[in-house]
Amino acid sequence: MQIKNILALGLVTNIFFFSPAEAKDLQILFIPLDNRPVCSSYVKESVEGAGIKLIMPPDKFIATHQVNGNPAQLLKWLQEKSSQADAAVISTDSLIYGGLVASRTHEDSADILNARVNALSELARDSKIKLYAFSTIMRTPRASRGRVEPDYYPEVGPSIFAYSELLDKKTQSSLSITEQLTLQALERNLKKDNLGDWLERRKKNFEVNKNLTRLSRMNRFHYLGIGKDDNSPHSATHLESCKLAKETFDMPKDRLAIIDGVDQLGLLLIARAFNEARNLKPNVQILYAPGSGANTLPQYSDAILYDSVPVQIMAAGGTVASDTGDLILAINSPADSIVKDSTFSDNLPFPNVANRSFIAQLQNLLANNKKITLADISYSNGADNGFMETLAKNCDLGQLRAYNGWNTADNAIGYAIAQGMLAQHMKDANREKLLRQRYIDDWFYQSNARPVISKELEQKNREDLKYDLGSATNQILKKVSDDAHAMAKKYAFTKTYDFTLSFPWNRLFEVNVTLAKKPKK
């Protein structure tokens with residue numbers, strides 16, 4: 001193993017892991033962002049595999065694609081259940097707005113939002129349960145479709161992004177004459193109602209987050225993680241995160257952190273609650289693929305991996321190893337530092353030089369019984385086909401502690417950290433189930449079945465179906481299911497297990513993978 005591929009930070013400690021049987025009495029309340037599998041059902045399966053009892057609110061109170069969650073009922077549920085568990089991991093977006101999408105699209109006044117923050121403060125003050133809370137800084141997407149932003153965003157979103165990019169840059173450094181003129185033109189040409197509404201929404205979100213940090217100072221939360229939703233080095237999200245960082249610079253890092261990514265935070269904080277309950281501090285060694293490695297700036301992020309990865313490890317209750325760790329976080333980053341979407345035409349099942357070199361390292365580590373959790377972030381929203389095809393040919397896919405290649409790099413890395421830590425307390429059958437689920441979702445579906453059907457829809461001028469499958473749901477579901485099953489049959493680790501796919505939000509972007517309980521005969 002080359003030393004340059006190891007991020008050397010933190011201290012080495014000797015950690016002894018508990019067996020699965022010793023963790024079974026831990027009970028955690030969990031209020032998710034919404035009902036997407038990565039935020040709810042996958043989280044539940046991950047933690048229950050480690051022997052944790054996860055108690056969640058009734059489905060009718062949790063946000064779906066079509067309906068916002070119910071903040072009042074969720075708060076009432078939390079109050080009623082708080083005496084029945086050891087800790088609670090809560091999405092403040094669900095408790096204040098009604099979910100992640102609702103945090104961007106709601107019509108609630110600042111007074112209503114403040115009242116909900118105050119109600120949460122009172123509950124936290126009076127409750128003896130440890131509250132691990134996570135909020136989000138409103139995202140700044142370059143573009144968006146599919147009813148997850150205000151109605152005007154599909155039309156003017158690119159202009160709003162460009163405006164926010166220049167506004168942020170203006171605070172960090174002076175703008176050129178051309179940039180100043182561009183900013184003025186954007187302000188002049190954007191519809192006042194649209195830009196005004198968007199700025200007002202951001203102001204409300206920022207004030208909510210400021211109030212949450214105040215509650216953290218008052219010890220209302222045992223831990224608060226503030227997630228940066230989709231953003232870039234110059235954006236409104238980055239600008240607001242910098243303001244919050246300045247206001248909280250003096251707060252202990254074991255009480256509050258600003259973290260890249262959002263969808264992974266529920267599982268990440270559950271891992272933290274688990275580790276703290278068991279007095280564990282897993283020591284995680286970071287191993288990058290050859291190339292740009294720690295200097296990679298992923299899509300949808302404002303931070304290079306060198307800065308963002310250690311924050312996630314510490315948020316999960318771990319430390320970063322200076323040498324050998326209890327767990328190796330292997331990160332398949334792109335050799336040239338350019339992260340593309342998994343649907344890009346060059347994501348082919350042929351390895352490059354960096355793939356071969358990194359897999360050789362992993363082979364050696366696995367042969368020496370090292371514990372490896374793999375974050376495959378060379379592409380966004382899916383696996384690196386060349387890397388995974390070669391890994392499958394040269395390694396036993398079942399040996400990994402965890403595998404993740406979904407959505408943004410920060411999402412995948414956070415899940416890899418949390419699942420990797422929890423896997424140390426799982427029976428092999430539970431750990432392998434999660435591995436199969438991720439291979440099917442992130443590799444077979446996201447990087448293979450989804451690009452094929454997406455291209456077909458584009459050729460038929462039906463790109464709109466990507467965001468709302470409508471009456472074509474069954475036909476498209478059969479197509480992607482057939483393609484995913486065909487891939488599963490190619491690999492020893494997946495070919496004996498049946499599974500079903502479904503579209504939880506009736507769009508192509510995500511699927512839910514349900515595995516059969518027993519292998520095929």
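Are Tyr 439 and Phe 493 buried or exposed? I looked both up in the predicted model, and both residues are buried.

**Entry: aromatic pairs**

I counted the ring pairs next and got nine aromatic pairs. For Tyr 439 and Phe 493 I noted ring centres 5.9 Å apart and planes at 80°; planes over 60 degrees apart count as edge-to-face, so I logged the pair as edge-to-face. I then checked where the two residues sit. Tyr 439 belongs to helix α15 (residues 428-459), while Phe 493 is in the loop between α16 (473-488) and β15 (499-502), so this pair ties together parts that are 54 residues apart in sequence.

I moved on to Trp 443 and Phe 444. Trp 443 and Phe 444 are both buried.

Which residues make up the aromatic cluster? I listed Tyr 403, Tyr 439, Trp 443, Phe 444, Tyr 491 and Phe 493, which form one cluster.

**Entry: charges over rings**

I looked up two cases of a charge placed over a ring. Arg 36 lies over the face of Trp 505, at 5.5 Å from the ring centre. Lys 243 has its charged end over the ring of Phe 206, 5.9 Å from the centre of that ring.

**Entry: strand β2 and its partners**

I took strand β2 (residues 27-31) and checked its burial: four of its five residues are buried, and I noted the strand as mostly covered. I then looked up its pairings. β2 runs parallel to strand β3 (residues 53-55), with three bridges joining them. Within β3, Lys 53 stands opposite Gln 27. β2 also runs parallel to strand β4 (residues 87-91), and here I found four bridges. Ile 31 has Ile 90 of β4 as its bridge partner.

**Entry: helix α14**

I checked the length of helix α14 (residues 409-423) against expectation. The helix has 15 residues, so at 1.5 Å a residue it should span 21 Å; I found its end C-alpha atoms 20 Å apart, which agrees. For burial of α14 I noted that 15 of its 15 residues are buried.

Note on methods
Residues numbered from 1 in each chain as written. Predicted model: local features only at pLDDT ≥ 70, side-chain atom pairs only at ≥ 80, totals over all residues. Heavy atoms only, no water. Buried < 20%, exposed > 50% of the residue type's maximum accessible area, 1.4 Å probe, protein only. Helix = DSSP H or I, 4+ residues; strand = E, 2+ residues; numbered from the N terminus. Pairing = 2+ DSSP bridges. Phe/Tyr/Trp six-rings, centres within 6.5 Å; stacked < 30°, edge-to-face > 60°. Lys NZ or Arg CZ within 6 Å of the ring centre and 35° of its normal. Expected span 1.5 Å × (residues − 1).
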